[in-house]
Amino acid sequence: MTAIEVRGLHKAYGGRKVVDGVSFEVGEGEVFGILGPNGAGKTTTVECVEGLRTPDEGRVRVCGYDPATQRAEVTRVLGVQLQQSELQAKLTVREALDLYASFHERPADRQALAERLGLVPHLRTRFGKLSGGQQQRLFIALALLGDPRVVVLDELTTGLDPRARREVWSLVESLRDTGVTVLLVTHFMEEAQRLCDRIAVLDQGRIAALDTPEGLIGRASAAKEISFAANTPIDPAALRSLPGAVSVRTAEGRTVVGGTDETVTAFVSLLAREGVTAGQLRVVDATLDDAYLDLTGTDPR
Amino acid sequence: MNPSVAVLRAETRLFTREPGALFWVMLSPTLLLVVLGAFVPSFREASADLGGRRVIDLYVPVAVLFALIMAGIQAMPPVLSGYRERGILRRMSTTPVRPGALLTAQLALHGAAALVSASLVLVVGRIAFDVALPENFPGYLLALLLAVASGLALGSAVCAVSRTQKIATAVGSAVFFPTMFTAGVWVPVQAMPDTLQRIVGLTPLGAASQALDSAASGDWPGWAALGVMALWTALSTGASVRWFRWE
């Protein structure tokens, strides 16, 4: 079953196209990532899913409901953690949980939620005194208070230290285990790679790629990177003509060749043929970072 | 619990956690009256210019209006625009409850705070300075409620035209001083020259001052004064609805 459906979504602000024909479907229980540079239209896209914005064009459905017109139904099945949204500074964690629980007809068990999110020691703490990680955990708790089937998490770990970030990640993983569908907006590759079943890479308001993290990495033009320091210079033209080679660059005495498995094999033969010794030879797999840069960076602007 | 009640309860709690707002809204109006009454002896003497009344008698309605200016124009707009700026309204709009519940709670809260503070002024005025309680009580209540409504509506309009909390505070202050003047904080409206009184009577607080004064001395508040307040309330509410942005 489809939890989120976005089809031909268009949204412009003052004539500037922010989202330009975005389509994707998120299956129930899936963790779906939206990745992209700032201004790619990520937040606008999810805001249309949340019902905070009305699309200029296109179809958006959450569990079959239209966020623009069926607000009551959508808010019942959808939990939202917003980017850059606070609470009243002097509201305590317990009061926030009680308040937001009162908004739902059948709220989730607050105590269990507080325990699961490690908020119990902070129940009497005011929002303004919480650390960034604690605030985010509270926001996740608020998003889950309505016992939603779908959760949108927008820039969940921006501004968190690595430790807090990891804590939040394991929360999202436990969320997946309970069968909740997650739409995750992020610009951290590591986060997307670790958490998401599938990722849509957004660039300039369009989907540049939509695949599993492994699939995206495989699409990187240079799936392998060969890096070495040669004792005698190798003709860059020879390197560039290696099968599958897509890039050759030299920096600080090291030469880096981007290519495929085939390039690696050919490179080794080249070394033998030329009698060159390649010191500090390294062959590394491309990461989601590389795939992302290929997908969003090479576009001439 | 009903969501609107829960929101009101949470906002009331938050209000009690703001010492500044508590002091200025709940205590400072009574304090103004006490300081003037205690330290300016002439204020406690009957004056022929005022038709045999004492200045302190005139300052009770002034302090009452001061309370609602503090609540509606000084305290409320920064809170509301802060809620908007910090995404609190936005977060609420992703829940089954509409963010309007928060605005309604704020209006109710500051309206109630103004009324409680006004009652305190009346009681202290009666006990400390022997200022008679309003003789035409229904008339006084009607005038007071309309005055509170116009004060809250003005405050909402301030919030609606201000895009940030800082601007709301600044615009609030710009509106604050004229309302203080027209409420008679510096010179009671009844002690102003006739022409000035007539002009001030066209402002919401000036009209409120005249209406409260009439009701205090036993008359029914003038329809003109009540009408001026109702008109300002309607205009400010219209402006708020027209220009308020949820984000």
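Glu5(A), Arg7(A), Glu25(A) and Arg59(A) are linked in a network of salt bridges, a salt bridge being a side-chain nitrogen of Lys or Arg within 4 Å of a carboxyl oxygen of Asp or Glu. The model is a predicted one, in which local features need pLDDT of at least 70 and side-chain atom pairs count only at pLDDT 80 or more, while totals for chains, interfaces and linings use all residues; side-chain values use heavy atoms, with hydrogens and water left out. Residues are numbered from 1 along each chain as its sequence is written, and chains are lettered from A and ligands numbered from 1 in the order in which they are written.

Helices (H or I, at least four residues) and strands (E, at least two) are DSSP runs numbered from the N terminus. Glu5(A) is buried at a relative accessible area of 15%, whereas Arg59(A) is partly exposed at 38%; buried means under 20% relative accessible area, exposed over 50%, and partly exposed in between, with a 1.4 Å probe and protein chains only.

Over all chains, the structure holds 26 salt bridges. Among them is the one between Arg61(A) and Asp66(A), whose closest N and O atoms are 3.5 Å apart; both of these residues are buried. Another salt bridge brings together the side chains of Lys90(A) and Glu18(B), at 3.4 Å from N to O. Lys90(A) lies in the loop between β5 (78-81) and α3 (93-101) of chain A, and Glu18(B) in the loop between α1 (3-16) and α2 (19-39) of chain B, so this pair joins two chains. Lys90(A) is partly exposed, with a relative accessible area of 23%, and Glu18(B) is partly exposed too, at 33%.

Turning to the sheet, four strands of chain A form an open arrangement in the order β11-β12-β10-β13, with antiparallel pairing; two strands pair if DSSP finds at least two bridges between them. Its edge strands are β11 (247-251) and β13 (278-285) of chain A, each pairing on one side only. Strands β10 (residues 224-230) and β12 (residues 254-259) of chain A pair in the antiparallel sense over five bridges. Glu225(A) has Gly258(A) as its bridge partner in β12(A).
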